[in-house]
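Student: I have a model open and would like to go through some of its geometry. Can we begin with the strands?

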Amino acid sequence: MAFDTVILGAGAAGMFCAAHAGGRCLVIDHARAPGEKIRISGGGRCNFTNLHAGPDNFISANPHFAKSALARYTQWDFIALVDRHRIAWHEKTLGQLFCDGKSTQIVDMLRAGMARAGAELWLQTRLAGLRHTGPGFALELDRDGARHTVTCRDLVLATGGKSIPKMGATGLAHDIARQFGLAVTETRPALVPFTFPDGRFRPLAGVSLPVRLSNARAAFDEALLFTHRGLSGPAVLQLSSYWRDGETVTVDLTAGQPVRDRLREQRQRAGGRDLRTELARHLPARLADHLAAEWGLSGRLADQSDAALRDLTDRLANWRLTPAGSEGYRTAEVTLGGIDTAGLSSRTMEATAMPGLFVIGEAVDVTGWLGGYNFQWAWSSAHAAGTAI
Ligand code: FDA
């Protein structure tokens, strides 16, 4: 069977690319249904883009690479598409756009786009072999218990990253890239909770508060959540993309509030108050108890010297923690790193050393922040390749 284009992976990027590729296009996926990550994303409401999406929200060995695709297919283009399909949406926070209804509306919209473009979709299909045939590619595909040989001029790698293997994530795109001589940068789980296996935060599980979480490379002002296994919440997921094993992170529990001034005022006004009780006015009570025990805080507010209050607020602003690790690909929302952008055209996503081979979406070494940025990269990179094919 001969196709103009074969797209490996019917996820966000693969389906969107198929809607723009034209010609005879086949999309294959080993899953039972397309767009499974879209379905479960955003708590079932899909955070499909971000109003503020721009190159600064992406991590890559080449920070300039994403600029072209993001500029040529923007969040406004995708919002217009969603509006044309009458999918209602709302901004939750920090420019993050979610469906009012179910995220399957986005999957249905992408399927409709593929159908309109006349693309074929083969699900539960396994790639058994792949060869470069000079001007194109030959694929051996296992489907419905039979082997099919398919040829194509253009091959698009859109099988995503390694996050959540239980959902069918594999490193196939990276393996194929290596097979064809493309470099793959170091990959790591990202947008992932930190673990503290000593169980030190177990009593705090469920406590959440706004913080500034930082390391030497980045800082995020978002919520932190204590869990049975360690730390999660948006601030932690964001910083995990900038964190390396063994590093210490700094939690600013004051989140920019003038806590020291307030403690001094309270010392004047209510000096008889217990220091731990006072701390619980600024922090969730369980966390205040935990810190009071860990830092040996006791006594009345009136007994605290200026130096003691300064010391306490310094500690609150610089709580240093060293995660033992992360939850890994099991729960990571994305894979940091991927197919090296040095070998790809930023305008078309085509491999410069192998015309006809395209790489899009999460498989590429472009990783977005939490908040709809990764889907925007899927749409933008898919559009760049689809319109170039
Ligand atoms: P994607 O993973 O979507 O698709 C890859 C496809 O390839 C899948 O259909 C898979 O089955 C298929 N495939 C893989 N290996 C294969 C093989 N060997 N053979 C055949 N097929 C194969 N982002 C965001 O912007 N907003 C959000 O709300 C969320 N929420 C979210 C929640 C959770 C739980 C996760 C895990 C991730 C998110 N993300 C997100 C990230 C987002 O889902 C992700 O970045 C995009 O889906 C990437 O799109 P791709 O099309 O590149 O890969």
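Student: In which sense do strand β8 and strand β9 pair?

Tutor: This is a predicted model, in which local features need pLDDT of at least 70, side-chain atom pairs count only at pLDDT 80 or more, and totals for chains, interfaces and linings use all residues. Residues are numbered from 1 along each chain as its sequence is written, and side-chain values use heavy atoms, with hydrogens and water left out. Strands are DSSP runs of E with at least two residues, numbered from the N terminus, and two of them pair if DSSP finds at least two bridges between them. Strand β8 (residues 126-132) and strand β9 (residues 137-143) share 6 bridges, and their sense is antiparallel.

Student: Which residue in the hairpin of β8 and β9 takes a positive phi?

Tutor: The hairpin has 4 residues between the strands. In β9, A138 is the bridge partner of R131. The residue with a positive phi, near 90°, is G134.

Student: Which residue has a polar side-chain atom 2.5 Å from an oxygen atom of the ligand?

Tutor: A polar contact here is a pair of N or O atoms within 3.5 Å. The backbone of G42 has an N or O atom 3.3 Å from a ligand oxygen atom. In the side chain of T170, an N or O atom is 2.7 Å from a nitrogen atom of the ligand. The residue at 2.5 Å is D29.

Notes. A polar contact is a pair of N or O atoms within 3.5 Å; within protein, one must be able to donate a hydrogen and the other to accept it, and residues adjacent in sequence count only if both atoms are side-chain atoms.
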